[in-house]
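Dear colleague,

Please find below the structure I promised to pass on, together with its sequence.

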Amino acid sequence: MAPSSLPQTPPSAVVIVLFLLFSTALLCESRLSLDYYSKTCPSFTKIMQDTITNKQITSPTTAAGALRLFFHDCLPNGCDGSILISSTAFNKAERDADINLSLPGDPFDLIVRAKTALELACPNTVSCSDILAVATRDLVTMLGGPYYNVYLGRKDSRVSSASSLEGKLPKPTMSMSQLINLFSSSGFTVQEMVALSGAHTIGFSHCKEFSSNISNDTHYNPRFAQALKQACSGFGAFGIRSWIVW
């Protein structure tokens, strides 16, 4: 899926999505707190707000991209920022795994900008995983979504391997049973799976991701399938036109 900046995501869906992601992280981090940086980096909130606002105004697709980036970071191994680590000559990192190659550059740029500003004010203090978590919350709020508390104090992962993602992120070609098994392996119910999948509803999907299944999949609502066919007409299974997801 490829994101854009559309504010149509139902607020309730965003609440469930992000609550589930943060709940998973909280199980692993018992020392998280709302005021974690109040003494060590008192300017944390202002720096984040200024950086996020400037980036979103300049690049309106940043919000949707950040939400998707956060999802791809959290689901496989927890919200540890491992997706932000670059590959080396000796290691192919998560961000370069095939399933992550479509992640847009704007949210990565936002994290770099925020981290740089925070390092100048509070060296070696704020983790990139916390920056991504707060940036996602603030951007969702800017698009009309709900405000929710973000517990802080995560430690960044120092390990990132593309091979570790195998079977841990949903693919558009997966069947329903495969998707259910994937999410259940992480402890999520079908209802929670649907909520988490809603993390992709700010934006659009390329026709090539689903057009080949429209005529063959009887599970599509007929009117919905017809609308998809019209939106992707003339582009075939590998078309590049994008269809808006509301």
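The torsion about the S-S bond of Cys41 and Cys122 is about 75°, so this disulfide (a pair of cysteine sulfur atoms within 2.5 Å) is right-handed. Cys41 lies in the loop between α1 (11-28) and α2, while Cys122 sits in the loop between α4 and α5, so the pair ties together parts that are 81 residues apart in sequence; helices here are DSSP runs of H or I with at least four residues, and strands are runs of E with at least two, numbered from the N terminus. The sulfur atoms of Cys41 and Cys122 are 2.1 Å apart.

Before going further, please note that this is a predicted model, in which local features need pLDDT of at least 70 and side-chain atom pairs count only at pLDDT 80 or more, whereas totals for chains, interfaces and linings use all residues. Residues are numbered from 1 along each chain as its sequence is written, and side-chain values use heavy atoms, with hydrogens and water left out.

Both cysteines of this pair are buried, a term that stands for under 20% relative accessible area, with exposed meaning over 50% and partly exposed in between (1.4 Å probe, protein chains only): Cys41 has a relative accessible area of 1%, and Cys122 has 4%.

A search of the whole structure finds 2 disulfides, and the other pair to report is Cys74 with Cys79, joined at an S to S distance of 2.1 Å. The torsion about the S-S bond is about 120° for Cys74 and Cys79, so that disulfide is right-handed. Cys74 is buried at 4% relative accessible area, and Cys79 counts as buried at 8%.

Leaving aside residues up to four places away in sequence, Leu118 is in contact (heavy atoms within 4.5 Å) with Cys41, Phe44, Ile47, Met48, Pro123, Val126 and Ile131.
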